[in-house]
Amino acid sequence: MLILHVLGGLGNQLYQYALYEKLRALGKDVCLDVDDYTVHAREPEKRAFALACFPGVSLRFAKRGERRKYKDDGRDLVSGIRRRLRRIGLLPETGRIVAETEEYQEEIFSLSDGYLDGFWQNEAYFSDILPQLREKLAFPEPEDRINAYYRDKLLSEASVGVHIRRTDYLDASHQSRYAGICTEAYYEAAMQTALSFCSMPSAPAAEKKKNREYSAGRTEGKRETPHIYIFTDDPAYALRRLREGISWLTGAYEEAASELSEIPAGKLPVTVCDWNYGEASFYDMLLMSCCKVMICANSSFSMWGARLCGRKDKLMIRPLYQDIEQRESYRRIRQDWKDWVLIDDAGNNA
């Protein structure tokens, strides 16, 4: 049996779920360890287990006895006694734990027994089953009018989503690792790329007929006016920056204005999506998945929003590195993320 450790927020859980589905597709006996989200956890996860938000997923969870064969770290008295007996050799050692490394680990697919511990944030682990994953991870129908309205609106226009993640990345425990990646230069270069992409003529009539959600209000060969949608955990910051004038937004507009002749003389329309928070933030990922272009932060949340988009005319943009400590070469990242536009913190395409 293989047990896959689930940890982190929804974006990270989706990476672990994707690997789970890939192992299942290979015929492996695999289940998920969600103990971190229970009261029994030694170090309880701060965020909720959220994969159940997707009605199409089928999950098999590890029983506590199965988990204990590999990871016996309970806080109760009996677990403590077992650990002590193992240390003095009166109980057998726990099974093999395979920890994630920075490099792609193809060898995990040959395992039939073990505990897989890590985030597994590499598309190479599941890129060949992405169509099936999109089917299983279909979003439920929004229960409120505003998300239903914007879902349809985003699908019908040249929507450009921008993710700005701030609150936890500004915390002292995270800042040194995650801050300084999505710079002003990154966002300006990404926005220029997005607007240039939107300046291309819309999809041919035959393609639009096959994909009815993109046909509303579009004319073959017509250039569309982009609409910017900002997704952020700090909407007050985004609104303040908009009032002050965001350099990467105005700079990109000036760069693309000659191509996008339909844009009004003023500025691009911008909407700050500030109505989903707490458990409802799940719907931000739904809206991200409807964008024609998604400019991601160094966040698994927006990367999955972009990845789950089913539009044929989409573009996915992400920062080259996800954290300061990442040591992979850009060539390796380019190889593993071949369907993405990669931009570094200086605004250069990788």
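Tutor: Let's look at R166, which sits in the loop between β5 (159-164) and α6 (172-178). Bear in mind that this is a predicted model. Setting aside neighbours within four places in sequence, R166 is in contact with D233, D234 and Y237. With D234 there's a side-chain to side-chain polar contact at 2.9 Å, and the pair also counts as a salt bridge, 2.9 Å from N to O. That bridge links distant parts of the chain: R166 is in the loop between β5 and α6, while D234 is in the loop between β6 (227-232) and α9 (235-244), 68 residues apart. Both partners, R166 and D234, are buried.

As for other pairs, the whole structure has 15 salt bridges. One of them joins D128 to K22, with the closest N and O atoms 3.3 Å apart. K22 counts as buried because its relative accessible area is 10%, under the 20% cut-off.

Then there's R151 with E141, a salt bridge at 3.1 Å, N to O. R151 lies in helix α5 and E141 in the loop between α4 and α5, so the bridge ties together parts 10 residues apart in sequence. The two ends contrast: R151 is buried at 17% relative accessibility, whereas E141 is exposed at 53%. Finally, D33, D35 and R67 are linked in a network of salt bridges.

Key
Residues are numbered from 1 along each chain as its sequence is written. This is a predicted model: local features need pLDDT of at least 70, side-chain atom pairs count only at pLDDT 80 or more; totals for chains, interfaces and linings use all residues. Side-chain values use heavy atoms; hydrogens and water are left out. Helices (H or I, at least four residues) and strands (E, at least two) are DSSP runs, numbered from the N terminus. A polar contact is a pair of N or O atoms within 3.5 Å; within protein, one must be able to donate a hydrogen and the other to accept it, and residues adjacent in sequence count only if both atoms are side-chain atoms. Contact means heavy atoms within 4.5 Å. A salt bridge is a side-chain nitrogen of Lys or Arg within 4 Å of a carboxyl oxygen of Asp or Glu. Buried means under 20% relative accessible area, exposed over 50%, partly exposed in between (1.4 Å probe, protein chains only).
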